[in-house]
Amino acid sequence: MGYFNCIALACLMALSFSSIDVGLAARHLQQMPPMPTLPTTTLPPLPSIPNLPQPTMPRPGALPPLPTMPALPTFPAIPTATLPPLPSMPSIPTIPTAIPSIPFLSPPPSPSSTP
């Protein structure tokens, strides 16, 4: 929380110092004497756009007829190939679902101690 307050204070100070220069510049501009009027010049007239010839479009009825397409040649019939039957797939072995029991291993016999 203290770090955020420090950053906020630094930003506020930076903004206030940057606005001091703007205020001084505005005051300086207000206190200047009025600017003298600049001499005006007359611009030469723009050249006129020449009249270009308009393209003449032929009327739709005046177009020449489209050429006729020649008849396409006929292709001979392609013989169909017969494929041999596919071999039958071997059956997938079934996975056993019963969990085999784990044999219980007894601890080795303890050595007998004889005094």
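The structure holds 0 disulfides. The model is a predicted one. A disulfide requires the two sulfur atoms to lie within 2.5 Å. Seen from Cys11, the closest cysteine sulfur is that of Cys6, again at 9.7 Å and too far for a bond. Cys6 is exposed, because its relative accessible area is 54% and exposed residues are those over 50%. Cys11 has a relative accessible area of 45% and is therefore partly exposed.

The protein contains 1 helix and 0 strands. Its radius of gyration is 52 Å. For 115 residues the globule rule gives 13 Å, and the value for the protein is well over that, so the protein is more spread out than a compact globule. The C-alpha trace spans about 130 × 95 × 20 Å along the principal axes.

Burial was examined next. Buried residues account for 0% of the 115 residues; a buried residue would need a relative accessible area under 20%. The accessible surface of the protein amounts to about 13,200 Å². Carbon and sulfur atoms contribute 73% of that surface.

A nonpolar patch is present on the surface. The patch is formed by Leu9, Leu12, Met13, Phe17, Ile20 and Leu24. Together these residues have about 620 Å² of accessible area. Met13, one of the patch residues, is located in helix α1, which covers residues 2–30. The relative accessibility of Met13 is 40%, so this residue counts as partly exposed.

Beyond the helix, Pro103 lies in the segment after α1. Pro103 has a relative accessibility of 62% and therefore counts as exposed. Pro103 and Met57 are 46 residues apart along the chain. Their C-alpha atoms are separated by 101 Å.

Definitions and conventions
Residues are numbered from 1 along each chain as its sequence is written. This is a predicted model: local features need pLDDT of at least 70, side-chain atom pairs count only at pLDDT 80 or more; totals for chains, interfaces and linings use all residues. Side-chain values use heavy atoms; hydrogens and water are left out. Helices (H or I, at least four residues) and strands (E, at least two) are DSSP runs, numbered from the N terminus. The radius of gyration is taken over C-alpha atoms; the globule rule is 2.2 Å times the number of residues to the power 0.38. Buried means under 20% relative accessible area, exposed over 50%, partly exposed in between (1.4 Å probe, protein chains only). Accessible areas come from the Shrake-Rupley method with a 1.4 Å probe; for residues, only the protein chains shown count as cover. Patches are made of residues with over 30% relative accessible area and no salt bridge: like charges are joined within 9 Å, nonpolar side chains (Val, Leu, Ile, Met, Phe, Trp, Tyr) within 5 Å. A salt bridge is a side-chain nitrogen of Lys or Arg within 4 Å of a carboxyl oxygen of Asp or Glu.
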